[in-house]
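Reader: I have a new structure open on my screen. Can you walk me through it?

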Amino acid sequence: GDLIDGYLSISAHQLNETMRVLTVITAVFVPLSFLAGLYGMNFDYIPELKVENGYFYLLAIMLSLSTGLVYWFKRKRWL
């Protein structure tokens, strides 16, 4: 009985580790997917489209957002 309980405990702990990593990956990529989907739509009027380097500004925002989230998760020791 104790061996089975120990095995189930270790198995549950490994599953929790895997789910935590998948949650972090999801938390990083959902905002990026939202921004990509928003700017991938065909609108006539998006103010940022008239900016000369708007594309590069969006890439910089996306890069800083993902870097910030990865840094925050590493600081909280989730990665």
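Predicted model: local features only at pLDDT ≥ 70, side-chain atom pairs only at ≥ 80, totals over all residues.

Reader: Start with Ser 66. Which helix is it found in?

Author: Ser 66 sits in helix α2, which covers residues 54–75.

Reader: Is Ser 66 buried or exposed?

Author: Buried. Its relative accessible area is 16%, and the cut-off for buried is under 20%.

Reader: What does Ser 66 touch, leaving out residues up to four places away in sequence?

Author: Val 28 and Leu 32.

Reader: Which other residues of α2 are buried?

Author: Besides Ser 66, the buried set holds Gly 54, Leu 58, Met 62, Leu 69 and Phe 73. Seen down the axis of α2, the buried residues fall within an arc of 110 degrees, so they line one face of the helix.

Reader: Why would residues spaced like that point the same way?

Author: An α-helix has 3.6 residues a turn, so residues three or four places apart point the same way.

Reader: What covers the buried residues of α2?

Author: The cover includes α1, residues 2–39.

Reader: And which exposed residues are on the face turned away from the buried side?

Author: That face of α2 carries Phe 56, Tyr 57, Leu 63, Tyr 71, Lys 74 and Arg 75, which are exposed.

Reader: Now the length of α2. What span should its residues give?

Author: There are 22 residues in α2, and at 1.5 Å a residue they should span 32 Å. The end C-alpha atoms are 31 Å apart, which agrees.

Reader: What about Thr 67?

Author: Thr 67 is also placed in α2. With a relative accessible area of 47%, Thr 67 is partly exposed.

Reader: Is Arg 77 buried or exposed?

Author: Exposed, at 70% relative accessibility. The cut-off for exposed is over 50%.

Reader: Which residues line the largest pocket?

Author: The lining is made of Tyr 39, Glu 48, Leu 49, Val 51, Gly 54, Tyr 55, Tyr 57, Leu 58 and Ile 61.

Reader: Where does the largest share of that lining come from?

Author: From α2, with five residues.

Reader: How many of the lining residues are nonpolar, polar or charged?

Author: Seven are nonpolar, one is polar and one is charged.

Reader: Where is Glu 17 found?

Author: Glu 17 is in helix α1. Its relative accessible area is 32%, so Glu 17 is partly exposed.

Reader: Last one. Where is the place of Asn 53?

Author: Asn 53 is in the loop between α1 and α2. At 34% relative accessibility, Asn 53 counts as partly exposed.

Reader: How many Å apart are Asn 53 and Gly 1?

Author: They are 65 Å apart in space, C-alpha to C-alpha, and 52 residues apart in sequence.

How values were computed: Residues numbered from 1 in each chain as written. Heavy atoms only, no water. Helix = DSSP H or I, 4+ residues; strand = E, 2+ residues; numbered from the N terminus. Buried < 20%, exposed > 50% of the residue type's maximum accessible area, 1.4 Å probe, protein only. Contact = heavy atoms within 4.5 Å. Expected span 1.5 Å × (residues − 1). Arc of directions from axis to C-beta. 1 Å grid on protein atoms, 1.4 Å probe; cavity = no way out; pocket = protein on both sides within 12 Å on 5 of 7 lines; lining within 4 Å. Nonpolar A, V, L, I, M, F, W, Y, C, P; charged D, E, K, R; others polar.
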